[in-house]
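Let's go through a few together, one question at a time.

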Amino acid sequence: MTSAANQAAMAAATPTQLLLAELTCSVCLDYFKDPVSLACGHHFCQACITQCWEGLSTDFHCPECRETFSRRNLKPNRQLKNIVEASRKLTLELTKEPDVETVCEKHKENLKVFCQKDQTLICVVCHLSQDHKGHPAVLIEEAAENYKKQIRSRLESLKKESEEILTFKLSGEDKSHELLKQLETEKQKIVAEFQQLRQFLEEQERHLLAQLEELNKEIEKGRAEYVAKLSEEISSFSSLIGEMEQKCQQPAREFLQDIKGTLSRCEREKFQNSGAFSSDLKWRLWESSQRNASLETIVKKFKDSLSSRQRLDKANVTLDPHTAHPQLIVSADRKSVRLGCTKQALPDNPERFDPAPCVLGCEGFTSGRQYWEVEVEVGRGVCDVGVARESVSRKGRISFYPERGIWAVESREDQYWAHMSPAQSIPFPPSSAPRRIRVYLDYEQGQVSIFDAGTWDPIVTFPPASFAGERIRPFFGAVGSSARLTLCP
């Protein structure tokens, strides 16, 4: 209700109604009984808040404002208790009904009979008169007792229904609180992963830049030495060329003097170009480029992993008839399965389930996040929906537990049961058991969850598992002629 609507409702309420609202517990919707106060200022019955906090050892939240406290701190409010008692008496006086007439207006006789047909008080003369002749009637005390029994019966039903609604409310709040905790855990995990990545990249950046700076200095030094050496060689060659050119200008007699020495100087050792950079320097430069390429590969893998975690694919699941128990009838489009009356003449291949009436999906998953939806029709039968390892046992007795390679829920009589282990089975509230459920698989996280496809309310989230690279396949089971499973498009 909006604030404006709340103000309008309060303005329209009588003073008595306003007083009652202030003296009523928001959990049980009745007068406060042994009222206690929380640190946030709200008041509740001691029994109501104790029930709300049952099973909690920390994170105690106020049912009204949702403020969370680290420990129990209930302060008895005796003043409020006294006000409630006084107001209860005052309210009873204000709402007390006027005395009921005890004398028949028509015959002036005492009203001692209750006409069950007309449901009204009458006198003995009325009972014998034409108006009520033949009508079933009893004494008013007996009639009152009979109707009180009916009212008490309905009252018990109303109280039970109210308690169930309160249970659902508390359960919903607990689920919401649990989901918020999971969300906060995931948030912290993402922040930590990115912090680690940032630290890793910053360290790699500093290391690679330091290496490149060192290489830069060595390259500059090598270049200077190489240029100086070549300049010296060029100067030597220029001097020799000038000498030979002058020699060639001399007269023949003078030119031929010491010709042997002249030829020897012309045939000087050929200049050997050893290169400006050593092989060690080139190797270190190549090594740095390879390390950078390796870093690029790491970053790309992280990006691919992040993209895979962000993507949620709806899998187009079909049934694998080669794995179906001989009594299971798989539809032509491989989208639905039911249990037939007799076994079909099918080959007893190793991958076929027998005697357990189960079937696997054709698709198998070794990475990513997928989900698919299944419509469940149970009737008087039993249906199982979930996932299984590729290596799950197909022959003989099968246990539907994670430790046996099966993560599934069982639907029976409009109620879901999640089999966590042979010693633990968790029921889903029968009043809200959905006909359409969603199976969610996060391979990398080893997580299998099953939800109500209509509301996304969780039915069960199994503890994280290690799939160790093994294919995980959709899993289905059906027992009873009325049981049927249909994969939703």
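Q: Why is phenylalanine 467 called buried?
A: In this predicted model, phenylalanine 467 has a relative accessible area of 2%. Buried means under 20%, so phenylalanine 467 counts as buried.

Q: What makes tryptophan 407 and phenylalanine 467 an aromatic pair, and which kind of pair is it?
A: Their ring centres are 5.5 Å apart, and rings pair if the centres lie within 6.5 Å. The planes stand at 90°; angles over 60 degrees count as edge-to-face, so this pair is edge-to-face.

Q: Why can tryptophan 407 and phenylalanine 467 be said to tie parts of the chain together?
A: Tryptophan 407 lies in strand 15, while phenylalanine 467 is in the loop between strand 20 (458–461) and strand 21, so the pair links parts that are 60 residues apart in sequence. Tryptophan 407 is buried, with a relative accessible area of 3%.

Q: How many aromatic pairs does this rule give?
A: The count comes to 7 aromatic pairs.

Q: Why is the pair of phenylalanine 400 and phenylalanine 475 called edge-to-face?
A: The ring centres are 5.4 Å apart and the planes are at 85°, so the pair is edge-to-face, as the cut-off for that name is over 60 degrees. Phenylalanine 400 belongs to the loop between strand 14 (382–389) and strand 15 (406–412), and phenylalanine 475 to strand 21 (residues 472–479), so the pair ties together parts 75 residues apart in sequence. Together with Phe353, Phe400 and Phe475 form one aromatic cluster.

Q: How do you know whether phenylalanine 400 is buried or exposed?
A: Its relative accessibility is 18%. The limit for buried is under 20%, so phenylalanine 400 counts as buried.

Q: What makes valine 374 a buried residue, and where is it?
A: Valine 374 sits in strand 13 (residues 369–377). With 1% relative accessibility against a limit of under 20%, valine 374 counts as buried.

Q: How far apart are valine 374 and threonine 486 in sequence and in space?
A: They are 112 residues apart in sequence and 5.6 Å apart in space, C-alpha to C-alpha. Leaving aside neighbours within four places in sequence, the contacts of valine 374 include Val385, Ile437, Phe476 and Thr486.

Q: Which residues have the most contacts inside the largest nonpolar core?
A: That core has 38 residues, and those with the most contacts inside it are Trp372, Val374, Val376, Val409, Ile437, Phe476 and Leu485.

Definitions and conventions. Residues numbered from 1 in each chain as written. Predicted model: local features only at pLDDT ≥ 70, side-chain atom pairs only at ≥ 80, totals over all residues. Heavy atoms only, no water. Helix = DSSP H or I, 4+ residues; strand = E, 2+ residues; numbered from the N terminus. Buried < 20%, exposed > 50% of the residue type's maximum accessible area, 1.4 Å probe, protein only. Contact = heavy atoms within 4.5 Å. Core = buried A, V, L, I, M, F, W, Y, C linked by side-chain atoms within 4.5 Å. Phe/Tyr/Trp six-rings, centres within 6.5 Å; stacked < 30°, edge-to-face > 60°.
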